[in-house]
Amino acid sequence: MVYRVVWFKRDLRLHDHAPLAEAARLGPLLCLYVIEPGLWVQPDMAAQHYRFALEGLADLDAELRRLDGRLLVRVGEVVDVLAQLHRAAPFEALHAHEETGNGWTYARDLAVGRWCREQGIAWHEWPQFGVVRRLDDRNRWQREWEELMAQPKVDLPELRFFELSWHSDLSPQPAVLGLDPWEPPQRQRGGRRRALAALDDFLDQRCERYRGHISSPLSAPTACSRLSPYLAQGSLG
């Protein structure tokens, strides 16, 4: 059966997800997330980020299961995982958002693009944030950004899932990925449900204290929106 792979990175949501919507419009799909050891050893990564991501994955998988699908989670470098998947069940296209990450994620995306070209697989990327890739003139940035921000929210069409006998890998413990396993006692938890709860709490109550309390180190932790981690992950979509 012809199918397409939707590769989730920091965009752990079904809402307003252009790559997912386009893949669904074209036929059956498989939803994939890869726990990349090479990513988690980067100096800007920590165990709290990893646990936050795992909580987002759990929410995403639960949403997919309500639609009679699932999220396939594999451990390894992305090109290796895609190659294994393609050998087992060839797919015709890979859909994903561009990632606004670090130099490592940018180089990884370039490597994925090279692999897709070598295999004759269509590689579709969609912009998600204000970073404009391959910008040859800085004066073009504002126009590109405004056009992106003006686009309507993407509605989710009916999803048809490709059935694969593979099971998800067990998520490694942080120490296995080279992360210090210490967890801050007040670490913010991930997932779309918590993101929406934080948004509602801020709009209904905490925003009243924002202007006067945001500049104080004593009150800022509760006066601020606490939405940045969810926006970085894409949970709010």
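**Charge, fold and the parallel strands of a predicted model**

The protein carries 30 positive and 33 negative side chains, and the centres of the two sets lie 2 Å apart. Lys and Arg are counted as positive and Asp and Glu as negative, while His and the chain ends are left out of the count; the place of a charge is taken as NZ of Lys, CZ of Arg, CG of Asp or CD of Glu. The model is predicted, so that local features need pLDDT of at least 70 and side-chain atom pairs count only at pLDDT 80 or more, whereas totals for chains, interfaces and linings use all residues. Residues are numbered from 1 along each chain as its sequence is written, and side-chain values use heavy atoms, without hydrogens and water.

The protein contains 10 helices and five strands (DSSP runs numbered from the N terminus, with H or I over at least four residues for helices and E over at least two for strands). Along the principal axes, the C-alpha atoms fill a box of roughly 60 × 45 × 35 Å. Of the 237 residues, 46% are buried (under 20% relative accessible area, with a 1.4 Å probe and protein chains only). Among contacts with a separation of 6 or more, 79% join residues 24 or more positions apart (a contact being heavy atoms within 4.5 Å).

Strand β3 (residues 71–75) has four of its five residues buried.

Strand β4 has parallel partners in β1, over three bridges, and in β5 (residues 122–126), over five bridges. Arg 4 has Ala 93 of β4 as its bridge partner, and Ala 96 stands opposite Glu 125 in β5. In a regular strand, side chains alternate between the two faces of the sheet. Both faces of β4 are covered, with Ala 93, His 95 and His 97 buried on one side and Leu 94 and Ala 96 on the other.

Helix α4 (residues 78–88) has as its buried residues Val 78, Val 81, Leu 82, Ala 83, Leu 85 and His 86. Their cover includes β1 (4–8), β2, β3, β4 (93–97) and α5 (103–119).

Technical notes. Buried < 20%, exposed > 50% of the residue type's maximum accessible area, 1.4 Å probe, protein only. Pairing = 2+ DSSP bridges.
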